[in-house]
Amino acid sequence: MALPFLPGNSPNERLGKEKFHKSQHFDYSSGVPMLVGSEKPGIGGEHLVGQEIKSKYSVYPIGSGTGLPPWVTFDKQVLCFDAYFQETVPEAQSETYRIRKCKIYFFLEDDTIQVVEPEYKNSGIPQGTLIRRHRIPLPPPNEGQFYNLFHFNINQQMKLYSRTFTVTDCDSFTRNFLTKRGVHVNNPTTVPEDPYSSLREQLKKSMQPLRPYERHDTLKQFLDHDRKVLRFYCFWDDSQSIYVDLRELILHYFLVDDTIEIREVIPPNSGRDKVNKFLRRCRLPKHVPAKVKQPGEITDRTVLNVLTSSTMGNRYILDSLKTGAVHEEFYKDCDLIIGGEVNVWGRRVILADCDDFTKHYYHSKYGIEDFTPLQYKAPPAPKPLRPVPPYNGFGSEEDSLSFCQRLLPKPPRKDFQKFMEKDRYGLDSKVLNFQAKMITADPVDRERVFIISFYLSDDTISVFERPQKNSGVLGGKFLERGRVKKPGQELFKSQLSQYFTAQDLYVGGTLCLNSINFQLLDADEYTFKYMEQHAEEFPRANMGIIISKLRSLPEEKQSEIRKFLTLSDPSNTGFIPFESIRSLLLGLDCDLSEHEVLVLGRCFSERKQTQVDVGLMLAVAQDFLKKKAFEEFPKMARAFVDQDRHKTQRLSTKEIRTICKAFHLPVPNSLLEGLLSKFADGDEIDYHAFLAGINWLEHPAPPVMPEDTLKFEVDVGFDGGGAAVKNINYSAFLQDAFSLPSNSSDTSA
């Protein structure tokens, strides 16, 4: 029973719906306003009755395969099919239809299709891309859908825009891809024979050239030997001329076309005019003809005159037997050999030598191994020595020597490569520092302490004197940085003077700087480490040389050393004091310097680094900051907080060092590195504690003595030598030096 049409009795179609928007039915297509409402859904996005919405996405369902979109997953992946279509030719007598082969490409990334027909020579029809790449709709009545992957298979027909294509085959990638997608790929089929193409092939085979034609294919020789030239050094004995001499020549043989070019080597001041070429590039005949052929007399083809008539014209034919051809022998690469002769238009040229490429070519092709050159000229006379005048005292010796070497003098060249390799880089100073004392009879000068610095970048030396309290001598710079000559050399001489090098400085050695003798007593830790790491440059820091010196000692001295080391360790701990073995090695005359003994001790020692008080380091740092009036602590605190992204109030050592360098913290590098190592907890530092320690405005430290400040300002700590070496592992020393354990029968006796 139907309800009356009264309020409340009719069903509400909007009940339970949340979307009530309407689709836009008008839009622009290619700049033209048009109605597109048939493709748009109804109210709320629901489809209208009988409406079919075209698919805008790939045939693959969402969620299958990887989570990447198709244009990423199937990028540059294309399915290739071989196909053909039959075209009717209505107005031709020789053919009624034509079979046209083509390629169908299906792009997996967006389901687009492209049809390309290969171009054939003299086809007379436009070929190439038949259908540009785009999505092709299905034939009616499914024109609202597009071709996808599953519409393709072998041995079936496809209708693309009123043309029916028959798919005959596909490549291996396409077959494997379709098989993995569950498509049963049919067997390939053959393409029907095109009658017109068969007729064209028959005509082409039966065609004969209407003019004499003979082809010489030199493409392979060009591709194999292009830009490859054999070079021979030869000479021509021109003894019949007025000036009897040897003419030096260079013969170039071009493998690309078997041509030869000869150039003459004209020495300077020979009196001969310089010409471009002795022989232009051409094919060189072996036998010189009695009469030179005229141009056109020698040709590649021989033509016979069969018939000559005023009415019928001339008839020619190609002489296939080549009865009138002129055969000439030309030089090949097999005719050129060292010691052989080449007839260059009557001139006897003898091959004397060749370059490395020519030797390799003949060895690989002909198996020739003997390439002994011919000696055809006397060795060059030695150049006369040009004596250099002695140094006159004006300017430097190198600058004065440049005036004698050339007319327009140039400044002396510096070793730029050495400067780049051994110049300061970051915290690596490349400066060797030694502690020294003056060798003199004056008791006041004997107590003076000097620091000798050797700069590896330019072999310069500077001397700095440490100030001492109540000594009566002002400290500071003692010698300006510069190169220092070795003593005992004549001032006015022709040879360049010798200067001190890095190998001349070692602990225990004597250095004479401007007639003042210094004895090197110690070196800092960086100097010892650098010399040990570059032992090939410093023989006195080379453990191999030191061990070889110990092994070359007589057996009596070796037994005495083993016995002394065993008696020095009554508790059998394996360690003895370094001073004991140092006194022993220096007293036995083992040809070891004090530096070599220190290197030996550092190698077999247990060294303990001297600890510096943190309070003293902070006080010295505040003293440096106060003298430079550094007050940017609030800005540094903000920089630390900005860098601390995780708000842990801790930063890495590298980040704190970078911020300190950015604010140009006026503190020596050695002091800054020491403070960072003291505040470091693993690889992180509490930047609030570090900043509070160096803040001289809010947390002032007690004043420091000048010698404490100078210790960090000079940036030299002489604790890498004997002061840091305490005990020696003599068991390892005996095993490495004498290849014997410490408890051998000899030592126990």
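Is aspartate 445 buried or exposed? Aspartate 445 is buried, with a relative accessible area of 17%, where buried stands for under 20% relative accessible area, exposed for over 50% and partly exposed for what lies in between (1.4 Å probe, protein chains only). The model is a predicted one, in which local features need pLDDT of at least 70 and side-chain atom pairs count only at pLDDT 80 or more, while totals for chains, interfaces and linings use all residues. Residues are numbered from 1 along each chain as its sequence is written, and side-chain values use heavy atoms, with hydrogens and water left out.

**Overall make-up**

- The chain holds 21 helices and 28 strands, these being DSSP runs numbered from the N terminus (helices H or I, at least four residues; strands E, at least two).
- Of its 749 residues, 33% count as buried, and the accessible surface of the chain comes to about 49400 Å², of which 53% belongs to carbon and sulfur atoms; areas come from the Shrake-Rupley method with a 1.4 Å probe, and for residues only the protein chains shown count as cover.
- Among contacts (heavy atoms within 4.5 Å) between residues at least 6 apart in sequence, 56% join residues at least 24 apart.

**Salt bridges**

- The structure holds 39 salt bridges, each defined as a side-chain nitrogen of Lys or Arg within 4 Å of a carboxyl oxygen of Asp or Glu.
- Aspartate 445 pairs with arginine 448 in one of these salt bridges, the closest N and O atoms being 3.1 Å apart, and arginine 448 also counts as buried, at 15% relative accessibility.
- Salt bridges that share partners join Glu525, Lys529, Glu532 and Arg602 into one network.
- Aspartate 257 and arginine 281 form a salt bridge in which the closest N and O atoms are 3.1 Å apart; this pair links distant parts of the chain, with aspartate 257 in the loop between strand S10 (245–254) and strand S11 (259–264) and arginine 281 in strand S12 (residues 279–282), 24 residues apart.
- Both of these side chains belong to partly exposed residues, aspartate 257 having a relative accessible area of 34% and arginine 281 one of 35%.
- Aspartate 169 and arginine 175 meet through their side chains in a salt bridge (3.7 Å, N to O), with aspartate 169 partly exposed at a relative accessible area of 25% and arginine 175 partly exposed at 26%.

**Interior**

- Helix H13 (residues 594–603) has eight of its 10 residues buried, so it is largely enclosed by the rest of the structure.
- The buried residues of H13 are His595, Glu596, Val597, Leu598, Val599, Leu600, Gly601 and Arg602, and Arg602 is also a member of the salt-bridge network that includes Glu525.
- A search of the whole structure finds two cavities of 30 Å³ or more, a cavity being a set of points, on a 1 Å grid over the protein atoms alone, where a 1.4 Å probe fits but cannot get out, with lining residues having an atom within 4 Å of a point.
- The largest cavity has a volume of about 60 Å³, where grid points are joined across faces, edges and corners and a volume is the space filled by probe spheres set on the points.
- Lining the largest cavity are Phe232, Leu336, Ile337, Ile338, Cys354, Tyr362, Ile368, Asp370 and Phe371.

**Surface and loops**

- Leu68, Trp71 and Val72 make a nonpolar surface patch of about 330 Å²; patches are made of residues with over 30% relative accessible area and no salt bridge, like charges being joined within 9 Å and nonpolar side chains (Val, Leu, Ile, Met, Phe, Trp, Tyr) within 5 Å.
- Leucine 68 lies in the loop between strand S2 (32–35) and helix H1 (70–73) and is exposed, with a relative accessible area of 52%.
- Leucine 374, in the loop between helix H5 (356–366) and helix H6 (397–405), is partly exposed at a relative accessible area of 35%.
- Leaving aside neighbours within four places in sequence, leucine 374 is in contact with Gly339, Ile350, Leu351 and Ala352, and its C-alpha atom is separated by 9.8 Å from that of tyrosine 233, 141 residues apart along the chain.

**Backbone geometry**

- Most residues other than glycine have a negative phi, and most peptide bonds are trans.
- Proline 140 and proline 141 are joined by a cis peptide bond, with omega about 5 degrees, and proline 141 is placed in the loop between strand S6 (128–134) and strand S7 (156–160).
- Lysine 76 has a positive phi near 60 degrees, lies in the loop between H1 and strand S3 (78–88) and is exposed, with a relative accessible area of 76%.
- Alanine 629 has a positive phi of about 55 degrees although it is not a glycine; alanine 629 is found in the loop between helix H14 (614–627) and helix H15 (633–643) and counts as exposed at 53% relative accessibility.

Technical notes. 1 Å grid on protein atoms, 1.4 Å probe; cavity = no way out; pocket = protein on both sides within 12 Å on 5 of 7 lines; lining within 4 Å.
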